[in-house]
Amino acid sequence: MNMILQISWAAVMMLVVMSVTAVPAKGDHWAGNWYVRRVTVDYGGNSLPRVSGSMVVYSHDLVTGRNVWLYDAATNTAGQLTSYSGGSSAYNPDISVDADGLHIAWNSSDGITLYHATSGTGFWNGTSWQPPLHERNNGSPRISGSNAAWASSHPGDPTRTDIYFYNGTTTVTCYGPTAYTLEYLDISGQKVAFQLGGEYGNVWLYDGATASQVQLGSPGNAFAPDIDVPYVAWYEKRSVGGWTKTYVFRYDGVGTSQISPADDEWITHDQPQISGARVLSHVWKPGVNGFQLYDGVGTSVLLTCGNTQAGAIGGNTCVLGADAPEYPSYTYIAYDLATGQYQTLTNDTHQRGAVRVSEDGKTIAWSEEWYEAGMRYGIFVAHYAKGDMNCDTLLNTDDISHFVQALLNPSEYLSSHPGCDILRGDMNEDGAVNGLDIQPFVSTVLPP
Ligand SMILES: [Ca+2]
Ligand SMILES: [Ca+2]
C-alpha cells in the first residue's frame with residue numbers, strides 16, 4: 001500500500017478516536033421507555049444497519065462515496081470508519097461485541113476488512129498497514145466475535161463461488177467452489193450457515209471446529225438460514241398436494257424439526273430470524289400477513305396481522321414493521337415478549353426498510369426512506385432508556401444521583417426535573433418508585 005493511503009488511514013483512525021460527533025437532533029422523540037433518534041439523513045441509500053450491544057454499524061452514502069459508520073446509542077456519538085471517495089466504497093458492514101471487545105467487518109473496494117477496535121488489529125492497527133482479509137470480488141462479511149465468514153469469487157473463475165471462514169488467525173475455504181452464487185450467509189461462534197443460490201441451492205452448516213459440512217433441508221428447496229448456536233432456522237419450499245408451500249424448520253445440532261404450522265394454506269415465509277431458541281418468521285397467505293413467533297419450546301403464535309413487513313428479534317424485544325388495523329399506518333412496533341406490551345416507535349408515513357435488534361434487546365436500528373422535498377433515506381436507532389433519571393436520553397452513571405433523589409425525595413425531584421417523568425425510575429414497572437426498583441436500576445446502569 002502506498003504512503004498516501006497509509007496517511008489517509010491514519011487520518012481515518014484519528015477521526016474515529018477524536019472526532020466523535022453528536023448526530024442531528026431532528027426527528028428525535030421519546031416512545032415510551034425508548035428514545036428514537038434519526039442518526040443519518042441522506043439522498044442516497046443506507047444499508048441495513050447491524051447492531052450489537054449499544055453499537056450500530058451501517059454504510060452511508062455521502063457525496064464523495066459510500067462509507068462505514070459506527071454509532072453508539074448509549075452515548076449518542078458517531079464516528080466514520082472509512083474514508084472512501086470517487087468510485088471506491090465500503091458497504092454491508094457487520095458488527096459484534098463480545099468479551100474480547102468490538103469487532104467490525106465490511107466489504108470494500110480493497111476487499112474484506114475485519115477491524116478490532118480494542119486491540120487495533122485488523123486493516124489498520126494504528127502503526128502499520130494490514131492487508132485485507134481477502135482481495136477479490138467478495139460478498140458481505142458476517143462476523144461473530146473475532147470469527148468471520150464471507151463469500152468470494154473462485155480464483156480464475158469469477159462465475160464460481162467459494163465461502164471462507166476466518167477463525168481470528170487464519171482464513172480457510174469452508175465450501176466451494178460451486179457454480180451457484182451465495183444468497184445468504186450467517187455465522188455464530190465457530191459455525192457458519194449459508195444458502196447456495198440457484199435452482200438447486202440449499203442450506204448448509206459448516207462447523208469451523210471440525211471442518212465438516214452438514215446439509216440442512218431438502219436439496220433445491222431451502223432458503224435463508226439464520227443462526228444462533230446451537231440453533232439454525234431456515235424455510236423450505238415443499239410440494240404439498242400439488243401445491244408449493246413453504247415451512248420454517250429448525251436444526252438444534254442433533255435433529256431437524258418443522259416449527260411453522262402444518263397448515264397447507266401457509267404459502268410463504270420470508271427469512272427467519274433467531275434469538276436463542278426463538279424463531280421469528282414472516283408469513284403470508286390470503287387474509288393473513290404477519291409475524292409468527294416460535295417460542296423455542298413447541299408453540300408458535302401469530303404476533304400481528306395486517307400488512308407487516310420487516311421484523312427482528314433480540315433478547316425479549318421483538319420489532320415488527322406493521323400496517324395492521326390496530327396500529328397507525330406504517331409503524332415500527334417494539335413488542336416486549338416478557339410483558340406482552342406493545343410500544344409504537346414510529347407514527348408516520350415512512351416506508352419501512354429493514355430492522356435489527358441487539359442481543360440484549362435494548363437497541364433497535366432500522367433504515368427508512370421517505371419523501372421530504374425529494375426522496376430521503378435515513379438510519380434510525382431506538383435505545384431503551386428506562387432509568388434515565390436526568391432526562392438526557394442516555395442511561396449511565398450520571399443518572400444515579402437523580403434516581404436516589406427520586407427515591408428519597410420525590411417532591412424535590414419533581415420540582416428540579418420539570419417535564420421529566422419520575423416513573424422512568426419505576427424499573428420493575430409496578431407503578432411506584434421505591435426500594436424494589438433499586439436492584440433493577442443498579443443492574444441496568446451498572447451491568448455486570
Ligand atoms: Ca441519563
Ligand atoms: Ca417500581
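## A four-stranded open sheet

Strands β10, β11, β12 and β13 make up an open sheet, in that order and with antiparallel pairing. At its edges stand β10 (142–144) and β13 (171–178), each with a single partner strand, so one side of each has no neighbour in the sheet. From one strand to the next the twist averages 25 degrees; axes are lines fitted to C-alpha atoms, for helices over the stretch in contact, and angles run from 0 to 180 degrees between N-to-C directions. Strands here are DSSP runs of E with at least two residues, helices are runs of H or I with at least four, and both are numbered from the N terminus. Two strands count as paired if DSSP finds at least two bridges between them.

Within this sheet, five bridges link β12 (residues 157–166) to β13 in the antiparallel sense. Isoleucine 163 has tyrosine 175 of β13 opposite it.

## Model and overall content

The model is predicted: local features need pLDDT of at least 70 and side-chain atom pairs count only at pLDDT 80 or more, while totals for chains, interfaces and linings use all residues. Residues are numbered from 1 along each chain as its sequence is written, and chains are lettered from A and ligands numbered from 1 in the order in which they are written.

The protein contains four helices and 33 strands. Of its 448 residues, 43% count as buried, meaning that 20 or more other C-beta atoms lie within 10 Å of the residue's own; 12 or fewer makes a residue exposed, anything in between partly exposed, and C-beta atoms are placed from the backbone. Among contacts between residues at least 6 apart in sequence, 39% join residues at least 24 apart; a contact requires C-beta atoms, placed from the backbone, within 7 Å.

Strand β18 (residues 222–228) runs antiparallel to β19 (residues 231–240), with five bridges between them. The two strands form a hairpin with two residues between them, and aspartate 228 has tyrosine 231 in β19 as its bridge partner.

β19 is also joined to β20 (residues 243–251), again antiparallel, by nine bridges. Tryptophan 234 is bridged to phenylalanine 249 in β20. Two residues separate β19 and β20 in their hairpin, and glycine 241 in the turn has a positive phi of about 55 degrees.

## The sheet β27 to β30

A further open sheet of four strands has the order β27-β28-β29-β30 and antiparallel pairing. Its edge strands, β27 (311–314) and β30 (342–344), each pair on one side only. Neighbouring strands are turned by 20 degrees against each other on average, direction ignored. Four bridges connect β27 and β28 (residues 317–322), and isoleucine 313 lies opposite cysteine 318 in β28.

The largest nonpolar core has 91 residues, of which Trp234, Val319 and Val381 touch the most other members. Such a core is a set of buried Ala, Val, Leu, Ile, Met, Phe, Trp, Tyr and Cys residues joined through C-beta atoms within 7 Å. β33 gives the most to this core, with five residues. Apart from it lies another core of seven residues, including Met389, Tyr413, Met427 and Phe441.

Beyond four places in sequence, the contacts of valine 381 include Arg37, Val39, Tyr71 and Ile364. Alanine 382 belongs to β33 (residues 375–384) and counts as buried because it has 28 C-beta neighbours inside 10 Å. Among the residues that alanine 382 touches are Ala31, Trp34, Val36 and Leu345. Valine 36 is 346 residues from alanine 382 in sequence, yet their C-alpha atoms are 4.2 Å apart.

Technical notes: Contact = placed C-beta atoms within 7 Å.
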